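Take a look at the model first.

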Amino acid sequence: MVALAQSMTGDHPARPCVVVSNRPDAKGLQRAETLGIPAVCVDHRPFVGDRAAFEAALHKTLETHAPDILCLAGFMRILTAEFVGKWAGRMLNIHPSLLPKYKGLNTHARAIEAGDAEAGCTVHEVTAELDDGPILGQARVPILPGDTPDRLAERILPYEHQLYPEALRRFVLGDRTPVLLPK
């Protein structure tokens, strides 16, 4: 989130208007405030068992700030088709695998265990299907002998910080051509 927000300066066609988290202890909330970006928590815990009420509160908060595009970055809640539908074509996510491989969690461990030669990350449009939607960019890194999920994640992170801003820039300008890294 920080790298994405910091990229939205100068000639970048997007500007952050709010950072929202479902966790009050999320470091991104403090970092957003440091960057001068409004930060709001819509804590999911009071809504246990009522996902519709949580998403209604989340949607209301977002509407207050009137974003044109939602950029998910570390938001670890599965959103319903109804919520996604309200933001259809205007919601992006970054996922730590080379989609369509390894949707869900533990992606780096799964790539290593499968004996894959490479891993990476993907920026995609969010659809009602988990970790699905049109791919807007991917970054690939080799899986090295002796790699652990943590080491692999460390090598991928700088590419995430480069990929998401570039993919967002193109998306805002109406260009859906995937960004491919490294170049």
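Q: What pattern does the chain follow, read along the sequence?
A: This is a predicted model, in which local features need pLDDT of at least 70, side-chain atom pairs count only at pLDDT 80 or more, and totals for chains, interfaces and linings use all residues. Residues are numbered from 1 along each chain as its sequence is written, and side-chain values use heavy atoms, with hydrogens and water left out. Helices (DSSP runs of H or I, at least four residues) and strands (E, at least two) are numbered from the N terminus. The chain has 6 helices and 7 strands, and their order is α-β-α-β-α-β-α-β-α-β-β-α-β.

Q: What radius of gyration does the chain have, and why does it agree with a compact globule?
A: The radius is taken over C-alpha atoms, and the globule rule is 2.2 Å times the number of residues to the power 0.38. The C-alpha trace spans about 50 × 40 × 30 Å along its principal axes. For 183 residues the rule gives a value near 16 Å, so the chain agrees with it at 16 Å.

Q: Is W87 buried or exposed?
A: W87 sits in the loop between α4 (81-86) and β4 (91-95). Buried means under 20% relative accessible area, exposed over 50%, and partly exposed in between (1.4 Å probe, protein chains only). W87 has a relative accessible area of 3%, so the residue is buried.

Q: Which residues does W87 touch, not counting those up to four places away in sequence?
A: Contact means heavy atoms within 4.5 Å. T107 is 20 residues from W87 in sequence and 26 Å away in space, C-alpha to C-alpha. The residues that W87 touches are H59, L62, P67 and L70.

Q: Why does I143 count as buried?
A: I143 lies in the loop between β6 (135-142) and α6 (149-172). Leaving aside neighbours within four places in sequence, its contacts include A111, I112, L152 and R155. I143 counts as buried because its relative accessibility is 15%.

Q: What share of the 183 residues counts as buried?
A: Among contacts between residues at least 6 apart in sequence, 52% join residues at least 24 apart. As for burial, the share of the 183 residues is 39%.
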